[in-house]
Amino acid sequence: MKALFNIVTLLGFILLFACTQNPLGDTTAQEDSLTGKSLLIKAIAVQNESGSKTVTETGAEIIWQPNDQISVFYGSTFQGKFQYNGTEPMAQAEFEGTLSVVTGALDTPTEDRFFWGVYPYRDSNTCNGTTVTTIIPDHQTAIVGSFDPAALVTVAQSSGLAMAFYNVCGGIKFSLTQPGIRRVVLSSNDDTPLAGTVTVTMDEEGHPKVSSISNPKSSINLTMPNEETFEVGKWYYMTCIPGVWSSGYTMTFYTDTRSGSFVQNASTEAKRSVWGRLDRIDEDVVINFVPFADDNVKSICIANWDTDGDGELSIQEAAAVKDIETVFRRNDIIESFDELRYFTGLSYIASEAFWYCENLSRVIIPSSVTSIGARAFGGCSGLTGDLIIPNSVTSIGAGAFSGCSGLTGDLIIPNSVTSIGAGAFSRCSGLTGDLIIPSSVTSIEAYVFS
């Protein structure tokens, strides 16, 4: 099943291929007809549970996926694996399988024996006739906009041939703001179990209820597959055992080299079939420090913008800078500043910000910048290679890059630029490639390329 949001799935019309016209009439006759016979289950995805519509981010409904498997039990005596063998995702899908006698079963045939179903199928799933036991895993795989299918546990119980599957779990959905995160861990602060082997019964309304937990785990690890990192701004999901975390919860975010945590100390309830929304949950968490390649640049940045005094500049501290002013002006020691790209709070590069930083060979202007001030990089003769101006820039000030004689190759002005000041690229004698000025430019002052 595509594991998305609050799932309710109706399994109806269990058809016996093998010859019984009234499979629930006589218990003994039913058991004879069940053993080893092929059963066909038609699964119908239902949109609502207690009035809560089940939809994805794009409005798509819950659907079965090819090769989805469920465990089916009849009392404690019969069990089987059923699989959807179709080739397309379907809102209605037919599952096929057989029931066999459970080795060592002691169940005595009674008229109130129930069919039980569990998704996903596991060899370890069991049924004692009145409850089912399955696993809510503490290690889950992250999927953009969805759940780990192995973690989305649903259960059904029926005295007849129609089976409605309901969520056992609740959980959270969250998005991130920081790049490079590979693993997220959710923990209850009071060690309330979030995962483990659960025994599930049905409440008075016919909804699943966790009645006991063995091998409890108070943390859930959500990890990206194939050594990938979480995408910024996308939604991810964790499933967990419903319950009250009286002391709140902690979410910890891990990169390859660092970690940081968000702590919520208020009592929090994880409700069945509800996923709490935690948007930009890591926004105020210090996880990554800016990886400066030039120690001299780092020293200047720490001296000016290390607000917490820890001797490092975090991604958040860099993003909070609104104006770098002229702290680098006429500094002939700094050599590279690619890390300027982390200063995403900058909307402009101040006039003479890097004026005559003659040994500065590399710099990456953040895409938040819309204006490059007069003489901002004037006299930076050490800048080499192509000049890359982000397509957020609308104005380039007078003399902004004058005297950058080390620049070679192409000069491509993005189509966001509308004005270029006098002498902006004067004395850039090394530029020998293409010069592309877009039609968006409506104002070019004198001696721009002299």
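Start with the open sheet: 3 strands, in the order E30-E32-E34, with parallel pairing. This is a predicted model. Strands of a sheet pair through backbone hydrogen bonds, either parallel or antiparallel.

Select residues 385-388 for strand E30, then 435-436 for strand E34. These are the edge strands, and each pairs on one side only.

Now select residues 407-412, strand E32. E32 and E34 pair in the parallel sense over 2 bridges. Which residue in E34 is the bridge partner of Ile-412? Click on Ile-436.

Move to helix H2, residues 295-305.

Next, pick out the buried residues of H2: Val-297, Ile-300, Cys-301, Ile-302 and Trp-305. An α-helix has 3.6 residues a turn, so residues three or four places apart point the same way. What do the buried residues of H2 pack against? Show helix H3 (315-319) and strand E26 (336-337).

Stay on Cys-301. Its relative accessible area is 0%, so Cys-301 is buried.

Last stop: Cys-240. Is Cys-240 buried or exposed? Cys-240 counts as buried, because its relative accessibility is 1%. Find the closest cysteine sulfur to that of Cys-240: it belongs to Cys-169, 7.3 Å away. That is too far for a bond, because a disulfide needs the sulfur atoms within 2.5 Å. By this rule the model has 0 disulfides.

How values were computed
Residues are numbered from 1 along each chain as its sequence is written. This is a predicted model: local features need pLDDT of at least 70, side-chain atom pairs count only at pLDDT 80 or more; totals for chains, interfaces and linings use all residues. Side-chain values use heavy atoms; hydrogens and water are left out. Buried means under 20% relative accessible area, exposed over 50%, partly exposed in between (1.4 Å probe, protein chains only). Two strands pair if DSSP finds at least two bridges between them. Helices (H or I, at least four residues) and strands (E, at least two) are DSSP runs, numbered from the N terminus. Contact means heavy atoms within 4.5 Å.
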